[in-house]
Amino acid sequence: MVEHPNIVGGLIGGLLIGFASLLLLVTTGRIAGISGIVGGAVRGPDRGWRVNFVAGLLLAGGIGFQLLQGVELRMQASGAWLVAAGLLVGLGTRIGSGCTSGHGVCGLGRRSPRSLVATGVFMGVGVLTVLVTRHVLEVL
């Protein structure tokens with residue numbers, strides 16, 4: 001059975017991400033690339049706004065979790081797979097000089113050719129990963 005996503009929720013979430021990215025750019029001149037923001041919050045000279053941004057992400061996630069109390073949330077991978085995936089994403093953000101939010105949301109909005117290529121690679125690898133894990137490996 002195929003589950004259909006909540007289209008309105010996706011639209012509202014996308015609008016909020018876009019507005020938050022625009023607000024950060026207009027008020028600080030900074031791109032909302034999460035890996036760069038978190039990295040700078042840990043070891044950067046301008047830690048104040050970065051720590052506040054990360055705190056806002058965590059707070060918004062907590063509020064969202066509270067609003068979804070009746071909704072069943074399921075992990076589709078084990079803890080080990082999630083840790084491995086997180087480490088690979090971190091490695092990819094270093095190699096690609098930015099993360100999916102920095103390139104995909106902000107870079108494409110600024111019409112950056114480098115972000116267009118990076119986002120194409122992100123999406124292509126994602127499609128290939130789903131193809132292999134959900135279709136090829138099931139056959140073997």
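These are my notebook entries on one predicted chain, taken element by element.

**Ground rules.** I worked on a predicted model, in which local features need pLDDT of at least 70 and side-chain atom pairs count only at pLDDT 80 or more, while totals for chains, interfaces and linings use all residues. Residues are numbered from 1 along each chain as its sequence is written, and side-chain values use heavy atoms, with hydrogens and water left out.

**Entry 1: overall fold.** I counted elements and found six helices and zero strands. I took helices (H or I, at least four residues) and strands (E, at least two) as DSSP runs, numbered from the N terminus. The order along the sequence reads α-α-α-α-α-α. The C-alpha trace spans about 50 × 40 × 30 Å along its principal axes. Of the 140 residues, 16% are buried. Buried here is under 20% relative accessible area, exposed is over 50%, and partly exposed lies in between (1.4 Å probe, protein chains only). I then looked at contacts, meaning heavy atoms within 4.5 Å. Among those between residues at least 6 apart in sequence, 35% join residues at least 24 apart.

**Entry 2: helix lengths.** Helix α1 (residues 7-28) has 22 residues and should span 32 Å; its end C-alpha atoms are 31 Å apart, so the two agree. Helix α4 (residues 79-95) has 17 residues, should span 24 Å and has its end C-alpha atoms 24 Å apart, which also agrees. I checked what follows each. After α1 comes Gly29, with a positive phi near 75°. After α4 comes Ser97, with a positive phi near 55°.

Entry 3: In helix α2 (residues 34-43), I list Ile37, Gly39, Gly40 and Ala41 as buried. These buried residues pack against α1 and α3. I next looked for nonpolar cores, sets of buried Ala, Val, Leu, Ile, Met, Phe, Trp, Tyr and Cys residues joined through side-chain atoms within 4.5 Å. The largest one has five residues: Leu24, Ala32, Ile37, Phe53 and Cys106. Leaving out residues up to four places away in sequence, Phe53 touches Leu24, Ala32, Ile34 and Ile37.

**Entry 4: Arg50.** Is Arg50 buried or exposed? It counts as buried because its relative accessibility is 11%. Arg50 sits in helix α3 (residues 47-67). Its side chain makes a polar contact with the side chain of Asp46 at 3.0 Å. For a polar contact I need a pair of N or O atoms within 3.5 Å; within protein, one must be able to donate a hydrogen and the other to accept it, and residues adjacent in sequence count only if both atoms are side-chain atoms. Beyond its neighbours within four places in sequence, Arg50 is in contact with Arg30, Gly36, Ile37, Gly40 and Ala41.

**Entry 5: His103.** I found His103 in helix α5. It is buried, since its relative accessible area is 3%. Leaving aside neighbours within four places in sequence, its contacts include Gly96, Ser97, Gly98, Arg114 and Phe122.

**Entry 6: Arg111.** This residue lies in the loop between α5 and α6. Arg111 is exposed because its relative accessible area is 76%. Its phi is positive, near 60°, in a residue other than glycine. Most residues other than glycine have a negative phi.

**Entry 7: largest pocket.** I read off about 900 Å³ of space in the largest pocket. Of its 24 lining residues, the closest to the centre are Ala85, Val89, Val125, Gly126 and Thr129. The elements giving two or more residues to the lining are α4, α5 (100-109) and α6 (113-139). Helix α6 has the largest share, nine residues. The search ran on a 1 Å grid over the protein atoms alone; a pocket is an open set of points where a 1.4 Å probe fits, with protein on both sides within 12 Å along at least five of seven lines, and lining residues have an atom within 4 Å of a point. Grid points are joined across faces, edges and corners, and the volume is the space filled by probe spheres set on the points.

Notes:
The expected span of a helix is 1.5 Å times one less than its number of residues.
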